[in-house]
Amino acid sequence: MTVALRAQEASDTELLHALFSDAATTRYWFVEPYLTRADVQAQFERRRGDGSARRFVISDEGADVGIVELVDISPLHRTCEFQIIVAPGNQGRGYAHTATKLVLDYAFGTLNLHKVYLLVDVDNAGAIHVYTKAGFEAEATLREEFYAEGAYRDVVRMAVFARDWGITGSR
């Protein structure tokens, strides 16, 4: 396995459309699986040059296996939100853990951020395990934060700090 991150490109429309059209995947992002290819392309164009986000495709020897993003980057507070999707057929192979480590190296080493945080459904045990293994710690439970599948969902806010990460990427 040779996992790498590359910037999302306009040519990634099919990958992004596939990920955001899968109900099982989008359920954990608390969004509807209702985007057309044209919507995905238009969204990409609107985001082009957006300095408050870094959006990557996760690839393994040229095969695209998911996406990872740093969004709402705050230069003042030196914080951002972390988001990741590994395509359903590629889950359970270590891609999420490796991509998380790579993007945290980037967040702390290149962007010089202080804190990276995320929100995760309390029932998403697999994701919580990956995040904990990568160094994230729970900060709070946000009750009834999102509405999905006919019910309000609780989420855990987790975070990792640059001081805990070891910016050299030795982790």
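Select strand 5 and strand 7 (residues 151–161) in this predicted model. The two strands run antiparallel, and seven bridges join them. To find one end of the pairing, pick lysine 115 in strand 5; opposite lysine 115 stands phenylalanine 161 of strand 7.

How many of the seven residues of strand 5 (residues 115–121) are buried? Six are, so the strand is largely enclosed by the rest of the structure. The cut-off behind that count is a relative accessible area under 20%.

Now display helix 4 (residues 95–110) together with strands 4 and 5. These three elements make a β-α-β unit, and its hand is right-handed.

Move to strand 7 and select arginine 153. Is this residue buried or exposed? Arginine 153 has a relative accessible area of 14%, so it counts as buried, the limit being under 20%. Show side chains around it. The side chain of arginine 153 makes a polar contact of 2.9 Å with that of aspartate 121, and another of 2.4 Å with that of aspartate 123.

Across the whole structure, a search finds one cavity of 30 Å³ or more. The space in the largest cavity is about 70 Å³. To outline it, select Gln8, Leu16, Phe20, Val40, Gln43, Phe44, Arg47, Arg55, Ile67 and Glu69, which form its lining.

Colour that selection by element of secondary structure. Which elements each supply at least two residues of the lining? They are helix 1 (13–20), helix 3 (37–47) and strand 3 (63–74). Helix 3 gives the largest share, with four residues.

Five of the lining residues are nonpolar, two are polar and three are charged. Among those to pick out in the lining are Arg47, Arg55 and Glu69.

Notes. Residues numbered from 1 in each chain as written. Predicted model: local features only at pLDDT ≥ 70, side-chain atom pairs only at ≥ 80, totals over all residues. Heavy atoms only, no water. Buried < 20%, exposed > 50% of the residue type's maximum accessible area, 1.4 Å probe, protein only. Pairing = 2+ DSSP bridges. Right-handed = clockwise from strand over helix to strand, strands pointing away. 1 Å grid on protein atoms, 1.4 Å probe; cavity = no way out; pocket = protein on both sides within 12 Å on 5 of 7 lines; lining within 4 Å. Points joined across faces, edges and corners; volume = space filled by probe spheres on them. Nonpolar A, V, L, I, M, F, W, Y, C, P; charged D, E, K, R; others polar. Polar contact = N/O pair within 3.5 Å; in protein donor to acceptor, adjacent residues only side chain to side chain.
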